[in-house]
Amino acid sequence: MKDLSFEAQMLHIPYEQPDVYGALSMPVYQSVSFEFDTAEAMEAAFCGRSSAHTYSRISNPTVQYFEQRVQRAIGAFGVTALSSGMAAIFSTLANCAYAGSNVIVSSHLFGNTYVLLRHTLEGFGVEPRFCNMSDPAEVASRIDGQSCAVFLEVISNPQMEVADLSALSDVCRKAGLPLIADTTAIPFTAFRASDFGVDVEIISSTKYISGGATSVGGLIVDYGSFDWSENPVLRRWAGGNGREAFGARLRREVHRNLGAYMSPQTAALQTLGLETLKLRFERQASTALELARRLRRLEGVRAVNYSGLEEHPHFEISSRQFGDHPGAMLTFDLASREACFELINKLKMIRRATNLFDNRSLIIHPASTIYGLLTEELRQSMDVKQECIRLSVGLESADDLYGDLEQASLR
């Protein structure tokens, strides 16, 4: 059968090898190592001349099946599953950065991602160059001969900034750099990053994919669209691997040595999450849009920040890239930090917890939590306001969610 829908593809992708018992769900291969018939077969596997599994820190049948399902769904060149979204970001940058290089990055980043770039990678001699991703000319001006990549979030968390990916891709092409994007805010059922020039996509599969916050994981998606011979680190890998250079080094060196591969149990849970991903996202995103519209009239709310609203400064770009429903995350501003705490404390149904895109709606005050250990000066430079609340919309109805927020806003 041809031209199957996403839902049908996710439900009917066959295993690489048939299960001896005919199990409809991929078995969990909770095994560290795998046996070989001969020393020659073992040598071929360990030296990369066969695809046989050797050790579950490197590859595992259950995890591989999850990777293959994502690869089929996206139409990617290669997919690598890791233990978290942060592991995916670090592994991606470690795969193409080097001491003395710099990464052109958005000044609007998730807190841990900022600290990774500003402190961890900088300690290894990799300079983060923060700039305004909404201004392609500024991005271009920050690039020099030591730049190794441009990195951003497609919808920044919690600033809700949406950059023009096609314009940034043009900048990257002219400079000979890969465009790397964290696309966690919009799942691949609603947004094809490669259509807008993204070369490497990073996804926290903890979020939409896991299907209700069942497990922590991350994905690196390589579209095979960048010529890695232009990268000093990957140049020698490109000689023998061509388009596979990025994935070859990632698999054989970086993720193999860092030990951050996804566990088989996580892969099994997230494979199940893939099967309902499209349905859950459509419900959550449509509820988020309806809730964003209603919040504008809620007592005490001074501003609502959701790129699906016509008044949002990036509405046109968001509509072009993500359609009518740009995700299930929104923020709104109250009069003060104290007002934010008061509303959060009075909620009866919405959960006070971090994470995004759980089946349950979650609320948090980013400035005092995710960014709580940063200085106020740094928070202001990143546009993280004390008056801002972040809401991750779950599967509850818009009526129930608005009702909870409304009763919490009453004095």
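Biologist: What is the order of the strands in the open sheet of 5 strands?
Modeller: This is a predicted model, to be clear. The order is β8-β9-β12-β11-β10, and the pairing is mixed.

Biologist: Which strands stand at the edges?
Modeller: β8 (303–305) and β10 (351–352). Each has a single partner strand, so one side of each has no neighbour in the sheet.

Biologist: How many bridges join β8 and β9, and in what sense do they pair?
Modeller: They pair over 3 bridges, in the antiparallel sense. Strand β9 covers residues 329–333. Within that pairing, Val304 sits opposite Phe332 of β9.

Biologist: What does α10 touch when it packs on the sheet?
Modeller: It touches β8, β9 and β12. Its direction makes about 10° with that of β9.

Biologist: And which strands does α12 lie across?
Modeller: β9, β10, β11 and β12. Helix α12 spans residues 337–346 and runs at about 30° to β12.

Biologist: On to packing. Which residues have the most contacts inside the largest nonpolar core?
Modeller: Phe188, Phe332, Ile363 and Leu405. That core has 86 residues. Helix α10 (residues 264–295) gives the most to it, with 10 residues. There is also a second, separate core of 42 residues, which includes Ile89, Val105, Leu116 and Trp228.

Biologist: Back to Phe332. What is it in contact with, beyond its neighbours within four places in sequence?
Modeller: Among its contacts are Leu295, Val301, Val304, Leu343, Ile363, Leu391 and Leu405. Glu387 and Cys388 are on the list too.

Biologist: Now β12. Is Ser392 buried or exposed?
Modeller: Buried, because its relative accessibility is 0% and the cut-off for buried is under 20%. Ser392 belongs to strand β12, residues 388–392.

Biologist: What does its side chain, that of Ser392, reach at 2.7 Å?
Modeller: The backbone nitrogen of Phe357. Ser392 also touches Asn355, Leu356, Asp358 and Arg360, among others.

Biologist: Where is Phe357 found?
Modeller: In the loop between β10 and β11.

Biologist: Which loop holds Asp383?
Modeller: The one between α13 (376–381) and β12. Asp383 is not a glycine either, yet has a positive phi of about 60°. Its relative accessibility is 42%, so Asp383 counts as partly exposed.

Biologist: Which residues does the cis peptide bond join?
Modeller: Asn157 and Pro158, with omega at about 15°. Pro158 is in the loop between β4 (147–153) and α7 (165–175).

Biologist: Changing topic: how many aromatic pairs does a search of the whole structure find?
Modeller: It finds 7. One of them is Phe191 with Phe322, an edge-to-face pair. The centres are 5.0 Å apart, with 80° between the planes.

Biologist: What parts does that pair tie together?
Modeller: Phe191 is in the loop between β5 and β6, while Phe322 is in helix α11, so the pair ties together parts 131 residues apart in sequence. Both Phe191 and Phe322 are buried.

Biologist: Which residues form the aromatic cluster with Phe191?
Modeller: Phe196 and Phe322.

Methods:
Residues are numbered from 1 along each chain as its sequence is written. This is a predicted model: local features need pLDDT of at least 70, side-chain atom pairs count only at pLDDT 80 or more; totals for chains, interfaces and linings use all residues. Side-chain values use heavy atoms; hydrogens and water are left out. Helices (H or I, at least four residues) and strands (E, at least two) are DSSP runs, numbered from the N terminus. Buried means under 20% relative accessible area, exposed over 50%, partly exposed in between (1.4 Å probe, protein chains only). A polar contact is a pair of N or O atoms within 3.5 Å; within protein, one must be able to donate a hydrogen and the other to accept it, and residues adjacent in sequence count only if both atoms are side-chain atoms. Contact means heavy atoms within 4.5 Å. A nonpolar core is a set of buried Ala, Val, Leu, Ile, Met, Phe, Trp, Tyr and Cys residues joined through side-chain atoms within 4.5 Å. Two strands pair if DSSP finds at least two bridges between them. Axes are lines fitted to C-alpha atoms, for helices over the stretch in contact, and angles run from 0 to 180 degrees between N-to-C directions. Rings of Phe, Tyr and Trp (its six-membered ring) pair if their centres lie within 6.5 Å; planes under 30 degrees apart count as stacked, over 60 as edge-to-face and the rest as tilted.
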